[in-house]
Amino acid sequence: MPSHDFRAPRLFVDAPLAQDARVELDRDQSNYLGNVLRLAAGAEVLAFNGRDGEWQAAIEGRKRPDGLVILQQTRPQDRLADLAYVFAPLKHARLDYMVQKAIEMGAATLQPVLTRFTQASRVNTERMRANVVEAAEQCGILSLATVAEPVALERFLSQRAADRLLIFCDEAAEVANPVESLQGARGAGGIDVLIGPEGGFAEEERALLLRQPRILRLALGPRIMRADTAAVAALALVQAVLGDWGGKTT
């Protein structure tokens with residue numbers, strides 16, 4: 001039996017969830033259920049809040065959906081692996097795509113870092129959070145990733161815990177088997193996966209990175225990837241070797 005009902009609409013609600021609880025819907029949620037999905041009172045959806053698991057819920061409302069009554073839990077709350085995706089921001093649609101894919105890959109934290117060659121000078125973290133919610137709704141994800149405010153690369157490096165593994169995806173690294181490289185890092189605690197801007201890191205930034213404790217410099221194959229593609233490739237490798245794809249957590 002599948003662990004997730006892919007046919008049922010899922011809705012993130014920022015309210016406590018428990019049997020017989022009632023949750024008020026905001027205008028956007030009401031419009032989505034009533035006008036987009038064309039659901040009426042009595043129709044059932046799945047609701048989650050990132051804390052209390054997933055629940056079957058029935059729509060309430062006379063003229064339009066205006067609330068949910070919580071019926072029964074369908075899945076208990078889980079937790080994400082301690083995996084942070086650290087990246088130089090991209091512009092607009094490509095940043096949306098990258099955030100959504102990072103969530104699908106199981107990242108628990110999204111940390112934008114500003115580098116010398118970062119393409120986007122402004123980062124809309126509220127839009128990033130909206131993309132986190134949308135990806136979680138669509139993909140059956142129960143835990144919501146944290147979206148951190150952007151910081152300079154130097155500041156991020158100075159503040160991160162020294163016992164975390166830093167996987168530095170470096171286009172200038174010698175090409176080697178990335179799976180074998182990651183296998184040598186087994187037993188790590190939390191993991192930070194770093195992807196730089198498409199212009200690459202400045203030499204002083206690369207030198208600073210290579211001085212960090214517990215760093216693994218990783219090449220993502222013989223071809224240069226766009227940053228959003230590199231995000232998917234790197235997170236897939238890390239999850240397959242060190243993460244929760246094998247039933248374990250970092």
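Both phenylalanine 12 and phenylalanine 48 are buried, where buried means under 20% relative accessible area, exposed over 50% and partly exposed in between, with a 1.4 Å probe and protein chains only. The structure is a predicted model, in which local features need pLDDT of at least 70 and side-chain atom pairs count only at pLDDT 80 or more, while totals for chains, interfaces and linings use all residues. Residues are numbered from 1 along each chain as its sequence is written, and side-chain values use heavy atoms, with hydrogens and water left out.

**Overall build**

- The secondary structure of the chain comes to 7 helices and 12 strands, taken as DSSP runs numbered from the N terminus, with helices being H or I of at least four residues and strands being E of at least two.
- Along the principal axes, the C-alpha atoms of the chain fill a box of roughly 65 × 35 × 30 Å, and buried residues make up 50% of the 250 residues in the chain.
- Among contacts between residues at least 6 apart in sequence, 74% join residues at least 24 apart, a contact being heavy atoms within 4.5 Å.

**Aromatic pairs and a charge over a ring**

- The structure holds 3 aromatic pairs, counted for rings of Phe, Tyr and Trp (its six-membered ring) whose centres lie within 6.5 Å, with planes under 30 degrees apart taken as stacked, over 60 as edge-to-face and the rest as tilted.
- One of these pairs is formed by phenylalanine 12 and phenylalanine 48, which are edge-to-face at 5.7 Å centre to centre, with 65° between the planes.
- This pair links distant parts of the chain, since phenylalanine 12 lies in strand S1 (residues 10-12) and phenylalanine 48 in strand S3, 36 residues apart.
- The pair of phenylalanine 168 and phenylalanine 201 is edge-to-face because the ring centres are 5.3 Å apart and the planes stand at 75°.
- Distant parts of the chain are linked here too, with phenylalanine 168 in strand S10 (residues 165-169) and phenylalanine 201 in the loop between strand S11 (191-195) and helix H6 (203-210), 33 residues apart.
- Phenylalanine 168 counts as buried at 0% relative accessibility, and phenylalanine 201 counts as buried at 6%.
- Arginine 10 lies over the face of phenylalanine 48, at 4.2 Å from the ring centre; the criterion for such a charge is that NZ of Lys or CZ of Arg is within 6 Å of the ring centre and within 35 degrees of the ring normal.

**Positive phi outside glycine**

- Arginine 38, although not a glycine, has a positive phi of about 55°; arginine 38 is found in the loop between helix H1 (27-36) and strand S3 (44-48) and counts as exposed at 69% relative accessibility.
- Histidine 92 has a phi near 45°, a positive value in a residue other than glycine; histidine 92 lies in helix H2 (residues 92-104) and is exposed, with a relative accessible area of 62%.

**Individual residues and their contacts**

*The contact lists below do not count residues up to four places away in sequence.*

- Glutamine 29 lies in helix H1 and counts as buried at 14% relative accessibility, while the residues that glutamine 29 touches are Leu11, Phe12, Val13 and Glu24.
- Valine 113 has its place in strand S7 (residues 109-114) and is buried, with a relative accessible area of 1%.
- The residues touched by valine 113 include Val86, Phe87, Val151, Phe156 and Leu194, whereas valine 113 and leucine 71, 42 residues apart in sequence, are 42 Å apart in space, C-alpha to C-alpha.
- Leucine 210 is found in helix H6, is partly exposed with a relative accessible area of 39%, and touches Phe168, Ile215 and Arg217.
- Leucine 210 and aspartate 14 are 196 residues apart in sequence and 41 Å apart in space, C-alpha to C-alpha.

**The largest pocket**

- The largest pocket has a volume of about 350 Å³, a volume being the space filled by probe spheres set on grid points that are joined across faces, edges and corners.
- A pocket is an open set of points, on a 1 Å grid over the protein atoms alone, where a 1.4 Å probe fits, with protein on both sides within 12 Å along at least five of seven lines, and lining residues have an atom within 4 Å of a point.
- Of the 22 residues that line the largest pocket, Cys169, Asp170, Glu171, Ile224 and Met225 are the closest to its centre.
- By class, the lining has 14 nonpolar, 3 polar and 5 charged residues, where Ala, Val, Leu, Ile, Met, Phe, Trp, Tyr, Cys and Pro count as nonpolar, Asp, Glu, Lys and Arg as charged, and the others, Gly among them, as polar.
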